[in-house]
Amino acid sequence: MFDNKKFKYTAYYAVGAAIVLMILNFVLVDMKTQSIKYNEFLQMVNEKRVEEVQISRDRLIIIPKTEEGQKKKIMYTGNVGDPQLIENLKTAGVTFNSVVPDNNPFKNFFINWVLPIIMFTFLGRLIFGRLDKKLGSGVMSFGKNTAKLYAENETGKTFADVAGQDEAKESLVEIVDFLHQPQKYTEIGAKLPKGALLVGPPGTGKTLLAKAVAGEAKVPFFSMSGSEFVEMFVGMGAARVRDLFKQAAEKAPCIIFIDEIDAIGKSREGNISGNDEREQTLNQLLAEMDGFDSTKPVVILAATNRPEILDKALLRPGRFDRRVIVDRPDLKGREAILKVHLKAVKYSEDLNTEAIAKATPGAVGADLANMVNEAALRAVKHSRKEIIQEDLEEAIEVIIAGKEKKDRIMSDKEKKTVAFHEVGHALVAALLKGTDPVHKITIVPRTMGALGYTMQLPEEDKYLSTKEELLNQISILLGGRAAEEVEFDSISTGASNDIERATQTARSMVTMYGMSDRFDMMGLESPSNRYLDGRPVQNCSAETSAIIDEETLNIIKEAHQKAKDILKNNRELMTNIAERLLEKETIMGDEFMEIVKESGVLESLDK
Ligand code: ADP
Ligand code: MG
Ligand code: ZN
């Protein structure tokens, strides 16, 4: 194959060498000839030391007479326009002639036009090429090539690659159809939505869906990330938008995909300092979307996980007027996603994907894809030819809690503390009504900081929690510390994460879920973002805020006491299980429940 890059460099070197040679030539010529004064020249003529003179418009080239064996040294002097020059030369018997200016048009053209252009291009490339490399790509390309770079003729993705997002797919099918046969729609005079906004938490498959739409419709896919528009020079983002739409228009039907559109589409109001560059880019985008002929089969898709900060102008009819929600997958969705990703790997036939899906509430597509890969890596590590259930189960824990860290050595005392702490969580969970069953208790430390943990798994996906369930959750979270208190009568730092989560839940009960008597159904906080976990926004006075703290504290105190009571009343059972845990390091849910049932406490609880 013809290696284009190599050729380019060879060309560069050739031009460079030519320039160097030319410069050398000038210098050498200068060294061989000698400049003299005009009166010196006249003297030489008078003394008959000159053999020949070549007269040109601005200089006289003098060839002196030489004696035998002497080297010829050419001299020159300026043409001062001496009217007696010819007379003098004639009397001195010097041969002379006038140099006819070189009128070869090709040569002139080359020297006056072509050569300088070549030289400047070469120098420009050299300097800006370096600059470009230093400052990151695209500084000097002014957005020209960037859009092209991201153009894919075939994304290779189809709806079959996206699982668990059936509603989202359904709303995109129409767009695919429009791209397929636009005339069907234009004949009747229908205008299709120009843009659709994919909204959802990170990792749920928004980018994937956009690619799948292009893949299904078999049209080119122009993609760019919002942050790429906001560049270092003002005006460049707008230029890029223009460029992108121009290229797309040439390639219609096609899809333009703007990922992370919130980077440019941030609401302009309430932003005093302003960001000129972003605003210009956004305005350009709006202008391009309006200017676009809606009968032209170009569809603009955009993705964001922060829809609430988008400028209202973007969401107006005729722009991104369609919203496609790409939410966290449910149980069935997770299983379907697992199956999609398992297609790419070898796995044992008795793999129970439903169990894995059950064990991963809240996981998004990206997590599940990652889990399958982790499982495959683990299978290789254990020199197996296929993934087994255990690999996937371990992969879930790796994603949740980090890798096992078996080499971390804990003192026996610390181990004992951790064991009682974890059993505390588990036992409170088992002895409270209506809680999720315990799946696993372990005291094997993990890389992500956990010294041990208790895993509870819901039997099915839950979208609502009752007040009682939330209170139980808090008790379970505080059960770890409660166990330390009951058993050792001393407390450790190991409960910090539990405390954080328990407090969060208790506070939300008061401020967002209307579950405190004090505030009834008054909303005191609202989530700052539906799809990302950010700090909620408080909308109440400082006085109220102080009362919220009080209410939250009451809930926590009550739940803490409840956990302590449960463990105090079942101290023997707790010690029993903790000893088993210390011995085995990990106890699975069934075994744990077996011990609890044997002890007979459940009967007294009528559970
Ligand atoms: P987002 O753009 O929403 O943040 P991506 O589309 O980039 O998420 O997803 C990242 C990866 O996670 C995808 O490449 C894919 O491998 C996997 N993934 C995410 N969602 C799904 C899904 N619904 N079905 C199959 N795979 C998915
Ligand atoms: Mg994405
Ligand atoms: Zn804990």
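Mentor: Before we start, a definition: Ala, Val, Leu, Ile, Met, Phe, Trp, Tyr, Cys and Pro count as nonpolar, Asp, Glu, Lys and Arg as charged, and the others, Gly among them, as polar. Also, this is a predicted model.

Trainee: OK. By class, what does the shell around ligand 1 have?

Mentor: There are seven nonpolar, seven polar and two charged residues in that shell.

Trainee: Which residues come nearest to ligand 1?

Mentor: Ala163, Gly203, Lys206, Thr207 and His341, out of 16 residues around the ligand.

Trainee: What does threonine 207 do with its polar side-chain atom?

Mentor: That atom lies 2.6 Å from an oxygen atom of ligand 1. Glycine 205 uses a polar backbone atom instead, 3.1 Å from an oxygen atom of the ligand. In the side chain of histidine 341, an N or O atom is 2.8 Å from a nitrogen atom of ligand 1.

Trainee: And how much of the ligand's accessible area does the protein cover?

Mentor: 78% of the 550 Å² that ligand 1 has on its own.

Trainee: Which elements give two or more residues to the shell?

Mentor: Helix 8 (206-217), helix 14 (331-342) and helix 16 (365-381). Domain 1 (148-267 + 278-325) and domain 2 (331-400) each supply at least three shell residues.

Trainee: Changing topic: how many aromatic pairs does the structure hold?

Mentor: Four. One of them joins phenylalanine 178 and tyrosine 185, edge-to-face, at 5.7 Å centre to centre with 90° between the planes.

Trainee: Are those two buried or exposed?

Mentor: Both phenylalanine 178 and tyrosine 185 are buried.

Trainee: What about phenylalanine 221 and phenylalanine 257?

Mentor: Stacked, 5.8 Å centre to centre and 25° between the planes. Phenylalanine 221 sits in strand 7 (residues 221-225) and phenylalanine 257 in strand 8 (residues 254-259), 36 residues apart.

Notes: Residues are numbered from 1 along each chain as its sequence is written. Chains are lettered from A and ligands numbered from 1 in the order in which they are written. This is a predicted model: local features need pLDDT of at least 70, side-chain atom pairs count only at pLDDT 80 or more; totals for chains, interfaces and linings use all residues. Side-chain values use heavy atoms; hydrogens and water are left out. A residue is near a molecule or strand if one of its heavy atoms lies within 4 Å of it. A polar contact is a pair of N or O atoms within 3.5 Å; within protein, one must be able to donate a hydrogen and the other to accept it, and residues adjacent in sequence count only if both atoms are side-chain atoms. Accessible areas come from the Shrake-Rupley method with a 1.4 Å probe; for residues, only the protein chains shown count as cover. Helices (H or I, at least four residues) and strands (E, at least two) are DSSP runs, numbered from the N terminus. Domain bounds come from an automatic or database domain assignment. Rings of Phe, Tyr and Trp (its six-membered ring) pair if their centres lie within 6.5 Å; planes under 30 degrees apart count as stacked, over 60 as edge-to-face and the rest as tilted. Buried means under 20% relative accessible area, exposed over 50%, partly exposed in between (1.4 Å probe, protein chains only).
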